[in-house]
Every structure is written in C-alpha cells, then in structure tokens.
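Please read the following points with the sequence and the model side by side.

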Amino acid sequence: MLRLFLSLIFAASLFGTVSVKAETELWGDYNGVTLRVKLIGGGQYENLYNEVIPWWEENTGGKIEIVTQKNHFELDKEIKKDIASGNLDFCVASNHTSFAAQYGSIYTDLNGIMPASVLADYTPLILEHSTVDGRLVQMPRHSDVSSLYYQKSLYEDADNKANFKAKYGYDLTPPDTWDQVKDQSIFFSNPPDFYGTQYVGKEEAIAGRFYELVVANGGALFDEDYRPIFNSDAGIESLEWFIDLYNAKAVPEGVLNYLWDDTGLGFASGTIAMNLDWAGWAGFFNDPENSKVAGDIGLIRAPMGSGGLRTGWSGSHTFSMTESCPNKDAAASFMWALTSNKAQMIEARGGLSPTRPAIWDAIIAEKEAEGDEFMLMVFETFKQSLSLDAFTPPLIPEWIEFTNVLYPELQAAILGDKTPEQALETASKKATEIMEDAGYF
Amino acid sequence: MKKFLNGPWVLLLPTVIVLACVVFLPLLISLWTSFTPFKLTRPDTLYKFVGFRNYERLFGNYDFWVAFGRTVLFLTIALNLELVFGLGIALLINKITYAQKTLRTLMMFPMMFSPILVGFQWKYIFNDNIGLLNNFLREFGISPKPWLVDTFLANMSIMAAEIWSSTSVFAILLLAGLMGIPKDPIEAAKVDGCNSWQVFKNITLPFLMPFIFIAMTIRSLDVARAYDIVQMMTGGGPAKRTELLWTLISRTGYVDAKMGLANAMSYISIFLSIAFTFFFFYKLMEARKILSYD
Amino acid sequence: MTKKQINNILIWISAILLIVLIMTPGLWVVITAFRPQVDIMAKPAVWIPRNLSFNQFETMLFGGSEGSMGRSKVPVLSYLRNSLIISLVSTFIAVLIGTLGGYAFARHNFKGKNTYFFLVMLTRAIPGISLSLPIFILFSKIGIIDTHLGIIIVFVALNVPFTIWLTDGFFRQIPRAMSEVAMTDGCTRLQAFWHIELPLSKSGIASAGIFAFLISWNEFAIVSNLARSTDSKTLTVGLMDFTSQFTINWPGMCALAVFIIIPALILTFMVQKHLVSGLTFGGVKG
C-alpha cells in the first residue's frame with residue numbers, strides 16, 4: 001500500500017552558496033500514518049525537530065506525535081521502564097551508541113529496512129559503531145569525540161617558552177602526548193588561582209576517560225571473552241596519570257566531583273590552561289558573552305598515550321526504530337529525514353559533528369566562505385579526531401553498570417585512600433562478578 | 001447509616017482510597033520484585049522467584065551498611081539542626097509585629113526552590129575553582145577549600161544545602177504554633193514574676209512540643225526528597241564518601257537496572273523510616289498527654 | 001532609650017541579618033538569570049552585577065540565535081500551565097480530603113486510632129523509588145501516563161498524610177464543647193464540622209495548603225517519572241531542558257527558575273494573611 005521512493009537529487013542550491021554532495025532520499029506517501037516518537041529534549045537538540053518534523057510531514061502526508069521529549073538520562077530511565085512494563089507503543093526513539101546495547105532486542109535491525117544506498121551516505125565507521133551483535137539498531141545523528149582546547153596565548157608567551165625549555169628540555173608547543181600534558185599542566189599551574197588542566201571525576205565520565213587512556217597506553221579493559229584485564233601495566237600507568245596531576249595540584253582539588261558542566265564552565269572562566277572536551281562547547285568557549293578565553297583558543301586532536309594511540313572515546317547520538325513499530329517504512333523515512341543532509345547541516349551549524357562525510361565538506365566550505373576561522377579550526381580538528389582516533393566503549397549492555405563499579409575505585413586511588421594496584425584489583429574483581437552474572441564466561 | 005455518617009470512617013474514606021491506590025498497591029508489587037532478580041531491561045525476570053537472595057546479599061554488603069549508617073547520622077544531625085534554627089527563626093519573627101507578613105514570606109523563600117535546583121545551585125556555590133563561596137573566601141585571603149571532595153566538608157556541604165532548603169519548614173510550622181499559644185497563661189506567669197526563660201521553658205515550649213514533633217515527623221518522612229540535592233551535588237561520591245541510601249538505591253535500580261535488588265534495599269530502609277517516625281510519633285503522643293488535649 | 005526600645009532594635013538587626021543569610025543563596029540564582037555567563041563564575045569574582053539583561057528570558061520565550069548551548073525556545077507557557085493546573089488542583093483535593101481525615105482523627109475516638117494514624121503517616125515514609133516503577137506500570141495500564149490526572153492523583157496521595165497531620169493538630173485546639181452544642185441543636189457531625197470547626201481552623205488549613213502547593217510545585221522525581229511531553233511536563237522538569245549530554249546553560253536554567261519562584265512567592269504572600277487570622281483563632285482556646 002505504501003510506496004517507497006528512492007530518488008537521487010542533486011541539491012547544489014539547498015544551502016545557499018555552499019554545495020552539498022548528492023544524497024539518496026527516502027520519501028514515501030504516508031498519508032494517514034501517525035508515528036509516535038520519543039526524542040531527546042533540551043535546547044541543543046530541539047532545533048532539529050522544529051525544522052525536520054514539518055518538512056517530513058509536508059513531504060509525506062504523515063503525522064509525527066511526540067510522546068516524550070526529555071533529558072538524555074531521563075529518557076534512558078523511561079525506556080527502561082517501558083521495557084519493564086511492556087509498553088513499547090512508539091516507533092522511533094532517540095538513542096546513543098553507549099546506551100543501545102542495554103535495550104536488548106526492542107529495537108529493530110535496520111539492515112534491509114534502510115536501503116543500502118541510503119546507508120552509503122553515512123561514515124562507515126560510525127555505522128559500525130551503531131551495530132550491536134551484527135544488528136544495525138540505530139541511525140547516527142551526530143557524533144561526539146573530545147579534542148584538546150587550550151589557551152593560545154600561554155604558548156605564545158616568550159617567558160613561558162624559555163622557562164619551560166629550561167625546566168623540561170623540550171619546546172613548549174601544544175602537547176602531543178599525555179606525558180607532555182602532565183609536564184605542561186604542572187608547569188602552568190599556580191594553585192589555587194590557575195590550573196594546568198582538569199578532568200571529569202565521577203560516574204561514567206571518569207570511567208570513560210580512564211578507558212580511553214588505557215587504550216591509548218596500549219592496554220584494554222577486557223579480553224575477547226570480556227574478562228577484565230585493566231589491572232595491568234597500562235591500567236596502572238593510566239591511573240597514575242590522574243593521580244600525579246591531582247597530587248601536583250595541577251588540576252582543581254574538586255575535580256573528583258566534576259562532570260562536563262563543571263569542566264566546561266571552568267575552562268570558560270579562564271582559569272584552566274588545557275581542557276579535553278567535546279565539540280558542543282566550542283561555540284560557547286569562543287563567545288565573549290560566555291567565556292573569558294574567547295578569541296584565545298587553540299584546538300588540537302587529543303594527545304597520544306604511551307601505546308602511540310590517541311585517546312578517542314567516542315559516541316554518537318542516534319535514532320532507533322522499535323521492533324513493534326507497525327509502520328516500519330514510514331519510520332525509516334522519518335529516521336532518514338532526521339539524519340539527512342538538511343538535518344545534519346542544521347545541527348552542524350549549531351556546532352555538532354555530522355555523521356555524513358558530505359556534511360563535513362559542506363560545513364567546512366561554509367565556514368571558509370564565512371571567514372569564521374575559529375569554527376573552521378573546530379570542524380577540521382574534530383573531523384580528524386572522528387575519522388582517525390575515535391573508538392567506542394565496549395558495546396555491551398553491562399557498560400554502564402561496569403562504570404559504576406569502576407569509578408569509585410578510581411576516585412579512591414586518586415584521593416590516596418587506596419593504592420592504584422588495590423583499586424584496580426577491587427574494580428577488576430567486581431567487574432568479573434558482573435560479567436560472570438551476565439554469563440560471558 | 002446515621003451511625004456511619006457520624007462516625008470517623010466516612011471522613012477517612014477518601015484518604016483510604018487514595019492511599020490504597022497510590023501507595024499500598026504499588027508497595028505490594030515492589031515487595032514482590034524484591035524477591036526476584038528483576039532487571040528493568042529483562043521483564044521476564046519479574047516472574048523468577050529467588051526467595052530472600054537479594055536480602056541475603058545485602059546483609060553481607062559492606063557498602064550498603066555504610067550508606068545506611070551514614071544516612072542515619074545525616075538524618076539525625078540535619079533534622080536537629082533544622083529544628084534549632086527553625087525554632088530560633090520562629091521565636092525571632094514572632095517578636096516582630098511590623099511588616100511581619102513580608103518577613104514571613106521572605107523567610108519561606110528557600111521553600112520556593114525545587115530540590116533539583118537547590119542541587120545545581122549549591123554545587124556551583126561549593127565549586128572549588130570558580131564557586132561563589134571560594135571566591136568569597138579568596139577576597140579575605142582565606143585559601144579555597146575542596147568543599148565537595150573532603151569527607152567532612154563534603155558531608156557538611158550537602159547538609160548545608162539541605163538545611164538551607166528545609167529550615168523554613170520548621171520555622172513556619174513552629175511560628176504557626178507560637179501564634180496559637182494562649183496569651184493568658186503567659187500574662188499570668190509574668191505577673192507572678194517569671195522571667196522570659198521560665199515562661200519559655202514552662203509555657204511556650206510544652207505548648208510547642210506537639211508542633212515540634214509534628215514538624216520533626218513530617219520532615220523525617222520528607223527528608224528523602226533531599227535525594228535530588230545529593231544526586232546533583234556529589235552523586236554519593238567521591239569514592240562513596242557521601243553515599244546515602246537514596247543515591248545508592250536509585251543508582252542500583254535505574255542506572256544498573258537491578259530493580260529487584262534496589263527494592264530489597266528500599267524495604268530495609270523502610271524500617272529506618274518506621275523507626276524514626278515511630279519515635280517522633282510516640283513523643284508527640286506524650287507531649288499531647290501533658291497538655292491533655294484529649 | 002528604654003530597655004524595650006534597645007530590645008526592639010536588637011531584634012530587628014538580628015532579623016535583618018537572618019533574612020540576608022536566608023535570601024542570599026536564593027537571590028544569587030535570581031540575579032544569575034540576568035547576568036552574562038562570563039561574569040557569573042568569574043575568578044576573581046565580579047561582585048557587583050553589571051551588564052544585566054533580559055537575554056535569557058527573551059531566548060527562552062521567543063527563541064534566540066543559533067548556537068549549541070541550549071539557545072532555543074523552551075515551551076515555558078505550556079510548562080507554566082501544567083504546573084499551575086497540577087499544583088492547584090492537587091492541593092485543593094489534598095486539603096479537602098486531608099482536612100476530613102484530620103477532623104476524624106481529632107474528634108473521633110475509635111479502636112486502633114493511633115495505629116491507623118501511624119499507618120497513614122508511614123505512607124509518606126516509603127522511598128519514592130520503590131513506588132515509582134509500580135505506579136508507572138499501573139498508570140500505563142490505565143492509560144494515564146503523561147496526563148495531568150495521573151500526576152494529580154500521586155500528588156494528592158503525597159500531600160494527604162501531611163495535611164491530616166497539620167489539621168489534626170489544629171482541630172485538637174478547638175474546644176469540643178463548641179461543636180457539641182451545635183450537635184445537641186440538631187446538627188449532624190458533618191454540619192457541625194462545616195459551620196463551626198472548619199472556619200475556626202482556617203489558618204491550619206491555609207498552612208497545610210501552602211505546604212501541599214509548594215511540594216507539588218517543586219516536585220521533580222514524580223513528574224519526571226510520569227510526565228513525558230509538553231502535555232504534562234511542569235516547570236521543574238523543564239529545568240532539565242537546559243542540560244544536554246555534555247553542556248549546561250546555567251543562566252538559562254536560572255531564568256526558568258525565576259518563573260518557578262515568583263508565582264510561588266506571590267501565592268505564599270497572599271496566603272500569609274490567613275496565617276495571621278491564626279492569631280485570633282489561637283485566642284479562642286484561651
């Protein structure tokens with residue numbers, strides 16, 4: 001009854017002067033179809049809905065009914081409750097690569113529903129990250145990875161250069177390794193007025209930061225059977241990096257209570273030299289209304305660990321379709337629209353990182369044309385980080401639960417309540433229990 | 001029928017209906033889940049009976065009992081401080097006649113703040129690097145403190161936020177009690193040469209006692225609302241230094257999705273609430289006997 | 001100066017100090033809503049607010065420039081409507097039901113009264129988490145998730161024990177003789193209650209009402225459990241619209257907080273009058 005249109009359209013004039021490469025469109029005639037959807041709410045995410053929903057409704061005749069629009073973590077709770085109460089009466093929901101595995105099989109495999117020609121428009125690596133147990137359960141909307149923001153003037157200052165060289169024996173340039181970050185942080189710090197760097201200190205946030213450093217240092221959290229192996233040289237080395245900075249007072253003493261809002265506001269206050277943070281903050285940092293370091297920001301790819309890899313903990317915001325959705329074609333069409341060229345351009349203009357190569361080219365070209373050098377640097381850096389450095393956390397349902405046993409131990413080691421060995425030993429034991437209970441071995 | 005209409009149950013019927021639907025029925029369901037390995041994301045686990053396994057696990061769970069103990073301590077200290085401050089405020093405002101209405105409204109100002117907002121607000125006030133408090137101390141040359149990290153300071157900081165947001169409740173309840181005190185006995189006592197302290201101790205305080213215990217009970221029941229505050233400020237950390245039952249239960253239930261275990265925890269914690277409530281309730285009955293209202 | 005005057009001055013000074021202490025952390029939030037972010041957490045601090053503006057309010061109500069920091073419109077008016085409906089209706093019902101219950105406990109002697117009273121109180125002692133999921137499941141079966149009705153029902157249950165507590169205390173202070181006279185004159189218990197005791201306990205009911213209202217108005221956990229869309233999301237839950245996975249718009253959140261605080265403050269001020277009449281009522285017992 002419902003027809004599926006596949007058409008190639010060249011949209012050279014779609015975005016003013018900037019041309020975007022062609023995409024495969026996925027329209028259909030969905031007159032009389034109403035899709036119930038659950039979306040992540042909040043100002044940053046809602047622009048997309050305000051533009052794409054009317055656009056899709058107009059082109060397909062379908063209707064979108066927003067059942068839920070709420071914060072990321074609240075939405076996670078809600079979906080879990082929906083599963084528990086068997087109440088999956090919606091079609092499309094916001095999802096996240098780090099969360100997707102938890103939801104089991106409620107979301108449908110999009111391979112076969114999404115035409116291959118549509119999938120070809122997305123970055124292959126990101127689609128791979130969106131796959132759980134061989135099932136493509138989500139369409140990526142935008143991706144997140146961290147890069148290192150720093151105060152440019154600190155590195156241009158002649159005194160700093162000379163003093164640093166004298167003390168550490170190499171030139172003061174934006175750091176390429178995490179050891180250099182440590183040196184420079186200690187060098188720049190003048191507690192309690194100024195700190196070299198900072199890190200998020202609790203919950204999944206610090207667990208993720210620890211994880212990426214372990215990988216960068218040549219280690220891993222789990223072996224192939226999901227046995228914890230982070231109580232290793234690489235694990236100790238990574239944990240000691242956190243401890244050393246803390247003990248040297250090169251990070252604020254409160255970091256163990258910091259989440260992303262604290263680190264972002266901290267860097268904007270001009271009291272932090274270097275800050276590993278997400279793309280979402282870029283516009284904020286460079287806005288004089290919001291930030292003291294506006295106009296003085298440099299950005300580079302995340303530094304390397306001792307294993308020669310860069311820290312690239314990454315995730316993507318996505319959309320998933322329920323297995324119980326009665327109208328999968330319409331849902332697929334809507335999910336395409338939400339992640340189409342038009343949609344991704346809207347989000348990219350807001351500073352978020354697109355999941356389609358074509359949009360990377362388009363947004364970079366647009367910023368070049370506008371002469372916005374800062375945002376150009378932001379997009380170019382994050383493009384590299386995402387294509388060269390990004391990796392996801394283990395895509396298993398136990399990830400979040402695992403981070404909850406890991407982070408208190410990391411904190412205990414950083415505070416000196418435990419030695420790194422003791423802390424990782426305990427965390428490893430608890431993690432083994434979780435994995436055992438889950439039936440991995 | 002006349003007997004029923006004149007009796008207490010016709011009056012209590014709506015209460016019973018509402019509480020049965022919203023409290024007792026759900027409570028039975030969650031009691032059942034505490035005997036299962038219920039995981040939110042695996043609904044079929046709801047029908048797997050495991051007896052007392054969740055409870056057995058908890059009895060040997062060190063982290064749980066530490067959080068339990070800390071919650072008792074937190075409740076005891078916070079409630080008593082709130083009472084003392086609240087009583088002070090009520091007595092002070094009771095003395096003022098001019099613009100009292102405005103003062104009372106201003107006094108209730110913190111009650112307009114949702115616990116979730118209080119959490120954010122105090123997290124930023126206590127931020128060690130750019131927070132309001134450390135900025136203030138710095139002006140006087142006092143070195144900044146890691147308010148939310150140090151074990152003692154972190155617990156005190158949370159308590160400060162909780163006290164700020166809830167003392168008004170005590171104050172307004174006690175003020176209402178103070179205003180209901182009959183004037184004659186006080187006048188008579190003053191004529192008889194009692195000083196202010198004696199009047200307070202022998203007349204005002206006994207009269208206030210029921211109100212104090214009402215306030216205490218209400219607050220001890222209600223104090224779990226502090227969950228939002230603690231969750232925002234420290235989330236129980238760092239290194240579990242501020243872990244209270246509420247943060248632990250909520251993380252276990254919703255983040256780890258282990259609802260069966262979380263409900264076993266909350267059943268144990270219900271006993272804590274019953275103990276606190278029973279204590280104040282018993283005290284209230286005694287205070288009433290002294291005043292012999294009944 | 002007489003001793004009394006000195007006393008008065010001392011009382012006023014301490015009252016002012018006290019109010020300053022109580023108000024400062026809250027006023028900081030209110031002022032933050034008008035300040036540019038760069039000043040809010042500056043180090044060294046900017047103590048005297050400058051460059052105040054209504055930007056946050058403008059953005060919140062009408063939408064603002066493109067940007068990633070939550071600079072888009074927030075459906076404040078829907079939230080405000082939901083908050084008002086839910087809080088006012090649930091307060092009214094809770095006070096109505098609770099007053100009847102409080103009267104029953106204060107005026108009737110029946111078997112096991114104290115135990116029942118204790119049981120009613122205990123309903124409040126149950127941690128929200130052990131109720132939230134079952135309530136969610138029950139409500140989703142009846143289909144009242146994301147409706148005003150569902151949230152109102154829970155709020156009523158939340159506030160009834162509390163109201164019973166307060167009104168019970170107030171009714172106990174009214175001499176029984178007053179209603180007994182009315183009853184010998186042929187009134188039923190309910191009529192005696194309505195004509196004699198209810199007017200006398202106005203102040204107790206008013207304070208119960210303020211409490212119930214403020215608790216409903218500021219409640220977060222329950223609404224975030226039961227509300228999903230703009231059909232029932234309240235202002236408090238709307239605060240979270242200013243957070244995203246990695247960022248927060250703190251001044252924006254404060255601007256919405258102002259929307260939460262001001263109506264509550266106005267309402268509280270208006271009801272204060274009835275607390276004053278508590279003075280007269282207290283005299284009755286005399």
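How many residues of chain C are in contact with residues of chain B?

1. In this predicted model, local features need pLDDT of at least 70 and side-chain atom pairs count only at pLDDT 80 or more, whereas totals for chains, interfaces and linings use all residues. Residues are numbered from 1 along each chain as its sequence is written, while chains are lettered from A and ligands numbered from 1 in the order in which they are written.

2. On the chain C side, 80 residues are in contact with 79 residues of chain B, where contact requires that the C-beta atoms of two residues, placed from the backbone, lie within 7 Å. Helix 13 of chain C gives the largest share of this side, 16 residues; helices here are DSSP runs (H or I, at least four residues), numbered from the N terminus.

3. The cis peptide bond from Pro191(A) to Pro192(A) has omega near 0 degrees, and Pro192(A) lies in the loop between helix 8 (178-188) and helix 9 (203-216) of chain A. In chain C, the bond from Lys43(C) to Pro44(C) is likewise cis, with omega near 0 degrees, and Pro44(C) is in the loop between helix 2 (37-40) and helix 3 (55-62).

4. Asn51(C), which lies in the loop between helix 2 and helix 3 of chain C, has a positive phi of about 50 degrees although it is not a glycine. Asn51(C) is exposed, with 12 other C-beta atoms within 10 Å; a residue counts as exposed if 12 or fewer other C-beta atoms, placed from the backbone, lie within 10 Å of its own, and as buried if there are 20 or more, with partly exposed in between.

Technical notes: Helix = DSSP H or I, 4+ residues; strand = E, 2+ residues; numbered from the N terminus.
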